[in-house]
Amino acid sequence: MAAYTIKPLVTATAINTGGRNGHSETTDHSVSVNLSVRKEMGGPGLPNTTTPEHLFAAGYAACFGGALDYIGKQHKKNAANARITCAVSIGPRDGGGFGIAVKMKVEDKSLPTADLKTLVNEAHEKICPYSHATRNNVPVEFEVVGS
């Protein structure tokens with residue numbers, strides 16, 4: 001049973017064939033990517049391909065940026081131009097199998113660091129769906145750089 005329920009506003013659906021050395025595409029055709037396991041993981045590392053970690057990083061960065069902008073507006077602060085850099089690593093985990101870890105850098109020189117940290121914490125704890133999904137399951141570290 002899920003930890004919470006939602007009232008779906010939008011549902012994105014993707015289909016993959018071939019797993020990590022295959023192709024993924026959304027049913028609305030807005031995303032279409034060829035995938036290849038990186039050489040560091042024993043794969044072919046084909047050029048012009050991506051990985052699930054790249055897709056997760058891009059999605060989390062965009063989602064977190066939106067959550068930060070939303071929280072900023074709630075506090076009458078402008079965080080719309082914050083630069084979000086999301087690094088997603090994959091590797092063997094202590095419990096067996098593989099896991100991911102996230103390092104997120106949030107930069108906005110238009111806001112004092114203390115204010116930006118407050119907004120980042122609130123976006124992470126209360127708003128961002130990726131943050132909710134990773135909580136207590138995926139390590140997420142933040143670096144916050146303001147003015």
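Predicted model: local features only at pLDDT ≥ 70, side-chain atom pairs only at ≥ 80, totals over all residues.
Which residues of α1 are buried? They are Glu53, Ala57, Gly59, Tyr60, Ala61, Phe64, Ala67, Leu68, Asp69, Ile71 and Gly72. An α-helix has 3.6 residues a turn, so residues three or four places apart point the same way.

Now the helix itself. Helix α1 covers residues 52-74, which is 23 residues. At 1.5 Å a residue it should span 33 Å, and because its end C-alpha atoms are 33 Å apart, the model agrees with that expectation.

Next, one of the partners, α2. At what angle do α1 and α2 pack? The angle is about 115 degrees, and the axes of the two helices are 9 Å apart. Angles from 65 to 115 degrees count as roughly perpendicular, so α1 is roughly perpendicular to α2. The crossing of α1 past α2 is right-handed.

As for who touches whom, α1 brings Tyr60, Phe64, Ala67, Leu68, Tyr70, Ile71 and Gly72 to this contact. On the α2 side are Leu116, Leu119, Val120, Glu122, Ala123, His124 and Ile127. Sorted by type, the residues of the contact are eleven nonpolar, two polar and one charged.

Let me move to the loops on either side of α1. Most residues other than glycine have a negative phi, and most peptide bonds are trans. Asparagine 48 has a positive phi, near 60 degrees, and is not a glycine. Its place is the loop between β3 (32-34) and α1. Is asparagine 48 buried or exposed? Its relative accessible area is 79%, and exposed means over 50%, so asparagine 48 is exposed.

Lysine 76 sits in the loop between α1 and β4. With a relative accessibility of 77%, lysine 76 counts as exposed.

Last, the whole protein. There are three helices and six strands, and from the N terminus they run β-β-β-α-β-β-α-α-β. The C-alpha atoms fill a box of roughly 45 × 35 × 30 Å along the principal axes. Of the 147 residues, 31% are buried. Among contacts between residues at least 6 apart in sequence, 48% join residues at least 24 apart.

Note on methods:
Residues numbered from 1 in each chain as written. Heavy atoms only, no water. Helix = DSSP H or I, 4+ residues; strand = E, 2+ residues; numbered from the N terminus. Expected span 1.5 Å × (residues − 1). Buried < 20%, exposed > 50% of the residue type's maximum accessible area, 1.4 Å probe, protein only. Axes fitted to C-alpha atoms, helices over the stretch in contact; angles between N-to-C directions. Parallel < 35°, antiparallel > 145°, perpendicular 65-115°, else oblique. Left-handed = near helix turned anticlockwise from the far one by under 90°. Contact = heavy atoms within 4.5 Å. Nonpolar A, V, L, I, M, F, W, Y, C, P; charged D, E, K, R; others polar.
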